[in-house]
Amino acid sequence: MTTTMSHPVVDNSNPRYIVWNGVRYRRLWTHPVTAESLPGELLEKILKHLDWTDLKSAMQVNKFWADTVLGYQRWWDGKPLTSHLHLTVMPCAEENGSDYQHYRLEDYHQILIKSRRRYKHITIYWGSWDRCQKTNQVKDQMVLDIIKRFKERLVLLKIISGKYDMPPWIMSDILRTCIYLKHLDINGMQIVPEARNYQYCNTDTFRTGIKSLYDSNQIFSPNPLASNLFANLTTLQVKITPAKKHKNLFRKISPQLVELILSWELDMNSQVPFPNDEFPLLDTLTLESARTGPDTKLGQFLQRMPKLRKLVLSPHQDEHVSVLSWINSENLHHLEVTPYSLCPKKFALIAKFPNLETICIRGAHAMPNGPKKEGIVFDKTKRLALYGHEWRPHLTNFLTFFPNLVELELEAKACWSPADARCISNFASLQRLIINEGLGTLESFMEFCGGLKVPELTINTQNNAFIVKAKSKPYTKAPHIRKLSFNAYMIEPSIYKPMMSAMPNLRRLELTLQIPCVNEIYRRICAKFPLCVTVRKNYEKYESVFDNT
C-alpha cells in the first residue's frame, strides 16, 4: 500500500498558516525578503552604521529608504538618522555609548583623524589620560585635533574633565575654529585651584554663533571688551556668586535670553546676588539651589520677566511658595514647585494662574485633609505630575480640580492597587498614565492594569520591572491598554508572554532597558504577538525623587 503525501495548501482564512496532511502550520515567511521589504526599524539599524556619504547614496535607492534616513518613518520622534552621529571620546566609555570604545588617547586620535563621518555632537574628555605616555602639551593638542577634525559639522560640544588644567588659549582656539558650534556644555569641567586665576576668553572680541551655554562652574568670566563672544546666546546655565563674575555677561545678553538656569552662592548677608538687569524675552526660568530667608529679592527678580511662561521653583527651607505672588498670573503656563505639604493656602497661590497647562508638585508629605475647593478649577491644565508617595489617600479629591486632564504622572513606594486604578479611571479625559516605582509582582500589576481605562501606560523604575513569583490565579485582563512603555533596569524574559497575553489590544510595546532584551527573546515576542509593534530604545537612567523630597 502506497501512502501519498499531500502538498501544503495555504489556509484561505488566514494566509499566515498552511495546511499539510490535515495539520495546520504557521508560515515563517509570507513573501521573499528583499531590500524593499525590510521593516523600517531593521533598515534603520542597518543604515545607522553608515556615514553621511553612504547615507546620501542609500537615499537614492527608493522613497522608503529616503524617508527612513530622514526620519519620516519614525513618527514618534521624527529625528533623522544623521542626528544619531554622536561621538563620545572617553577613557572608559560605557557600552553602546559611542561608536568607538578605547582606553588610550592615541587609539582615538589615530581612528578619528581618518574618519569619514561628520559628527555633529561630540562629548570629549579633557584630562590626564593615564594610559597615554605623552606630555600634557601633546595630549592637549591630540584632543584639540579631534575636535577640529569635525569643525565643519560640529553643532554641540560637551567637555568633561577631571581636576585638570586646560590652558585658556585652547578654549579660544575651539571657539574660533568651530564656527558652526551652537551649543557648548562645560558643566563637567573642573578647574584645579592653581588655574582659578585664568580668564577664559576674557580678551576675545570675536563673535561666535553659540546659542546655548551651560557653565555652572564659572569657567567663563568675560569682561565688557569680550561682550560680543556670546552675542547670539539665548540659553544660559550659570552659577552666580557674590564676586559677580557674570555681571558684564548679564548686562549684555539679558535682553535676548529665552531660557535661564540659575544656581547660586549666598553672600555675607545670606542673600542671593540676583542680577538687576531686565529680561524682556525670558520664557523659561529654572532655579536649582535651595532658597532661604525672605523671597523679596527673588520676587523683584521675577517681576523683571514679563513674558515668563515656565518656572521651575527650587524648594525653600521654610517650605513656603509665597514668591508666586510676585509673578504675572496671565503668562505662566508651566509650573514646578516643591511645597512639601500642600495646604489650602499654598494651593490657592498655585490656583491664581488660570492658564497653567502643566503642573508638577514635589512633596513627601500628605495634604492636611486635602485642599478646600472654594470654586477652584484648572480647566486648561492638560498634564499633572505628583512626585512623592503620600498623594494616594487624597488623589480622588485632588483630581476633581483638573476636569480636562490628559496626562497624569504619579510616584509611590507601595505597590499600585485596583483601588488606585478605579480612582484614576474616573476621569474619561485621561489618555496617558506614568507611574514611577511601586511595582511588585506581575500578578498585582495586572490587577492594577485591569482596572485602568487609559490607552497609554508608562512605567519608570530603577530596579527590575517585576518580582518573579509563581502565579496563584490567572492574570487579570487589561483590555484598554494599547501602548505600554518600560524604562527599567531589566525585565525577566518569562514576563513578556503572560503580560502581553493579558493585554489583548496592545499594539505598541516600548522597551528602554539598561540590560536590553536579547535578540532571541525579541524575535519570539514579534512572532508570538504580530499585531503589537515592539521597539527597543536606548536606555536613559530614571532618577527617583524620593531622596530629594
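Predicted model: local features only at pLDDT ≥ 70, side-chain atom pairs only at ≥ 80, totals over all residues.
A search of the whole structure for pairs of aromatic rings returned twelve of them. A pair of aromatic rings is described by the distance of the centres and the angle of the planes. In one of these pairs, formed by Phe347 and Phe378, the ring centres are 5.8 Å apart and the planes make an angle of 70 degrees, an arrangement classed as edge-to-face because the angle is over 60 degrees. Phe347 belongs to helix α9 (residues 344–350), whereas Phe378 is found in the loop between β14 (358–362) and β15 (383–387), so the contact ties together parts of the chain that are 31 residues apart in sequence. Both of these phenylalanines, Phe347 and Phe378, are buried.

A further pair is made by Trp416 and Phe448, with 5.8 Å from centre to centre and 35 degrees between the planes, and this pair is tilted. The angle of 35 degrees is neither under 30 nor over 60 degrees, which means that the pair counts neither as stacked nor as edge-to-face. Trp416 is located in the loop between β16 (407–411) and α11 (418–424), while Phe448 is part of helix α12 (residues 442–450), so this pair ties together parts that are 32 residues apart in sequence. Trp416 and Phe448 are both buried.

The remaining results concern strand β19 (residues 483–488), which is mostly covered, five of its six residues being buried. Strand β19 pairs with β18 (residues 456–460) in the parallel sense, and five bridges connect the two; within this pairing, Leu457 has Leu484 of β19 as its bridge partner. Strand β19 is also joined to strand β20 (residues 508–513), again in parallel, through six bridges, and here Phe486 stands opposite Leu511 of β20. Between them, β19, helix α13 (residues 493–501) and β20 make up a β-α-β unit, and this unit is right-handed.

Conventions: Residues numbered from 1 in each chain as written. Heavy atoms only, no water. Phe/Tyr/Trp six-rings, centres within 6.5 Å; stacked < 30°, edge-to-face > 60°. Helix = DSSP H or I, 4+ residues; strand = E, 2+ residues; numbered from the N terminus. Buried < 20%, exposed > 50% of the residue type's maximum accessible area, 1.4 Å probe, protein only. Pairing = 2+ DSSP bridges. Right-handed = clockwise from strand over helix to strand, strands pointing away.
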